[in-house]
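This report covers side-chain interactions and core packing in one protein model. The sequence and structure come first, followed by the description.

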Amino acid sequence: MSGETAPELPPYVLQPIGWVESPLLRRAEAPKQGDEGSPEAWLVFEQGVAEGIRDLQAGTEVLVLTWLDRARRDVLAVRPRDDRSRPETGVFSTRSPDRPNPVGLHRVEIVAIQGLRVRVRNLEALDGTPVIDVKPLLGRGSER
């Protein structure tokens, strides 16, 4: 494919499986990373995915993928952590929420589970952010 134009692909559709309930309402309120002082938040799942969350357990860590719906999609370079003293860097080498496909990746700890509601810590996503997937953290060998 080097030097060639990519083939025309059909659009992809992501269907949210839930959303975030958080006291974080504006981007300026959110820490840069979840472990930098974010408040506890809820992941609220749609009824249609109840079977998928049944084995989640309090005390475990998971990866939550979100669609950063308030991010800019036309940004390809940023100054990491909005630090003007740092050189401009391509977004694919940063954790900036602004990027062509703004998928958020969050390592969180499950604190509690109440039906379709999962309370987590270390989530810096804003209130109302769509949740698109949850994945376990894999250990070495036997856990895979």
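Arginine 121 is partly exposed, with a relative accessible area of 31%. The model is a predicted one. The side chain of arginine 121 forms a salt bridge with that of glutamate 40, at 3.1 Å from N to O. This pair joins distant parts of the chain, since arginine 121 belongs to strand 7 and glutamate 40 to the loop between strand 1 (18–21) and strand 2, 81 residues apart. Glutamate 40 is partly exposed as well, with a relative accessible area of 26%. Because a residue counts as buried only under 20% relative accessible area and as exposed only over 50%, the value of 31% puts arginine 121 in the partly exposed class, and the value of 26% does so for glutamate 40.

How many salt bridges does a search of the whole structure find? The search finds ten.

| Glutamate 40 | Arginine 121 | 3.1 Å |

For aspartate 69 the relative accessible area is 39%, and for arginine 70 it is 42%. Aspartate 133 has a relative accessibility of 29%, while lysine 135 has 41%.

The loop between strand 1 and strand 2 also holds serine 38. Is serine 38 buried or exposed? Serine 38 counts as buried, at 13% relative accessibility. Its side chain reaches the backbone nitrogen of leucine 123 at 3.3 Å.

Leucine 123 is also a member of the largest nonpolar core, which has 15 residues. Val20, Leu43, Phe45, Val120, Leu123 and Val131 are the members that touch the most other members. At least two residues of this core come from each of strand 2 (41–45), strand 3 (61–67), strand 6 (103–114) and strand 7 (117–121). Strand 2 gives the most, with three residues. In soluble globular proteins, nonpolar side chains tend to be buried together.

Apart from neighbours within four places in sequence, valine 120 is in contact with Glu40, Ala41, Leu43, Val108, Glu109, Ile110 and Val111.

Tryptophan 42 is in strand 2 and counts as buried, at 13% relative accessibility. What sits over the ring of tryptophan 42? The charged end of arginine 117 does, 4.6 Å from the ring centre. With neighbours within four places in sequence left aside, the contacts of tryptophan 42 are Trp19, Val20, Glu21, Ala112, Gln114, Arg117, Val118 and Arg119. As for ring pairing, a search of the whole structure finds zero aromatic pairs.

Terms used
Residues numbered from 1 in each chain as written. Predicted model: local features only at pLDDT ≥ 70, side-chain atom pairs only at ≥ 80, totals over all residues. Heavy atoms only, no water. Core = buried A, V, L, I, M, F, W, Y, C linked by side-chain atoms within 4.5 Å. Buried < 20%, exposed > 50% of the residue type's maximum accessible area, 1.4 Å probe, protein only. Helix = DSSP H or I, 4+ residues; strand = E, 2+ residues; numbered from the N terminus. Contact = heavy atoms within 4.5 Å. Phe/Tyr/Trp six-rings, centres within 6.5 Å; stacked < 30°, edge-to-face > 60°. Lys NZ or Arg CZ within 6 Å of the ring centre and 35° of its normal. Salt bridge = Lys/Arg side-chain N within 4 Å of Asp/Glu carboxyl O. Polar contact = N/O pair within 3.5 Å; in protein donor to acceptor, adjacent residues only side chain to side chain.
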